[in-house]
Amino acid sequence: MTTSIENTAAHNLHSILDRVLQLGDEIILRGWATVLDAPWDSKEFSKRHSEVVNLLLLTIQQVEALPERARARTERYIPQWWTAVMQPTLNWGDSGRPASKIIQQVSLDHLESTAELISAHLGGTDAAPSGSDLSQLSTQCQEWLDLLGAMGDDEISAGLRAQLTSQIHHLVWLIDNKDLFGGARVSQEASTVAGSLFQATNAISAQPENSSRWKNGLLSFLAACVFFSQAAPLMQESIEAGSGLVKEIASTVEEIRGE
């Protein structure tokens, strides 16, 4: 099973920085606004640039998971990548600071080489998902939004409902923007959502029907996550047919609730 570097955070960070770099004489501010397809002073720009920072953080974390020699060769470029994303000492609106100067080409090239290392060593994990089909995960997100909306105030607190709904909406947004931020970021956020849903299991008082939907939905969501990260056909069957893994984790959930 091969893993494409296109699903790594390092590759998508490289693609974004390269597009900014290629804008040449454009000021840094306009370069970022163009590449992120959002007005500079908008909430959407803030959200999108924050996700670029997330790609950098993911890349740093994944570099730390590489074998020692590969890690040592790569870590020296991290400050240059951080500077390219943040430009902490520059006025982004300064006409004398064009987008073409945000990073040296050699440092950018090493970022793409890092994507290849991550794909080779961490393929089939959240760092470099093997799958390409996000339809199952997208479907599970919608089913969870439907379930959260259907549960009464006596079954789930308003705060918990709002928190989970917000997290799932952000995951859907990342799925919709996979071409920009990539599969690793989707996989990471999906894992975060799965953890939140699992923790919330002990904080709800669902009616029998919704309790069953919650348990089955949790396991189907987990299966969709694994299906994307590992491209595992057995997980696809688990989503469609149920039983097996679903029953095992449902039992675990029930045990947790009973403690």
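Modeller: A nonpolar core is here a set of buried Ala, Val, Leu, Ile, Met, Phe, Trp, Tyr and Cys residues joined through side-chain atoms within 4.5 Å. The model is a predicted one, and in its largest nonpolar core, which has 74 residues, the members that touch the most other members are Leu17, Trp32, Leu137, Trp144, Trp214 and Phe221. As a general background, nonpolar side chains in soluble globular proteins tend to be buried together. Of the contacts between residues at least 6 apart in sequence, 75% join residues at least 24 apart.

The part I would look at closely is the pairing of helix α10, residues 183-200, with helix α11, residues 208-230, whose axes come within 10 Å and cross at roughly 160 degrees. Because of that angle, α10 is roughly antiparallel to α11, and the crossing of the two helices is left-handed. On the α10 side the contact is made by Gly183, Ser187, Ala190, Val193, Ala194, Leu197, Phe198 and Ala200, while α11 contributes Trp214, Leu218, Phe221, Leu222, Cys225, Phe228 and Ser229. Sorted by class, the contact of α10 with α11 has 12 nonpolar residues, 3 polar residues and no charged residues. Two of the α11 residues in this contact, Trp214 and Phe221, are also among the core members that touch the most others.

Leaving aside neighbours within four places in sequence, valine 186 is in contact with Leu134, Leu137, Leu171, Leu174 and Ile175. Valine 186 and serine 229 are 43 residues apart in sequence, yet their C-alpha atoms are 9.8 Å apart in space.

For comparison, a second pairing in the chain joins helix α1, residues 9-21, to α6, with axes that come within 8 Å and cross at roughly 160 degrees. The angle therefore makes α1 roughly antiparallel to α6, and the crossing of α1 and α6 is left-handed. The residues in contact include Leu13, Leu17 and Asp18 of α1 and Leu108, Glu112 and Ile118 of α6. By class, the contact of α1 with α6 has 8 nonpolar, 4 polar and 2 charged residues. Leu17, one of the α1 residues in this contact, is another of the core members that touch the most others.

Two loop residues deserve a careful look at the backbone. Most residues other than glycine have a negative phi. Aspartate 37, in the loop between α2 and α3, has a positive phi near 55 degrees and counts as exposed at 63% relative accessibility. Glutamine 87, in the loop between α5 and α6, has a positive phi near 45 degrees, but glutamine 87 is buried, with a relative accessible area of 6%.

Methods
Residues numbered from 1 in each chain as written. Predicted model: local features only at pLDDT ≥ 70, side-chain atom pairs only at ≥ 80, totals over all residues. Heavy atoms only, no water. Axes fitted to C-alpha atoms, helices over the stretch in contact; angles between N-to-C directions. Helix = DSSP H or I, 4+ residues; strand = E, 2+ residues; numbered from the N terminus. Parallel < 35°, antiparallel > 145°, perpendicular 65-115°, else oblique. Left-handed = near helix turned anticlockwise from the far one by under 90°. Contact = heavy atoms within 4.5 Å. Nonpolar A, V, L, I, M, F, W, Y, C, P; charged D, E, K, R; others polar. Buried < 20%, exposed > 50% of the residue type's maximum accessible area, 1.4 Å probe, protein only.
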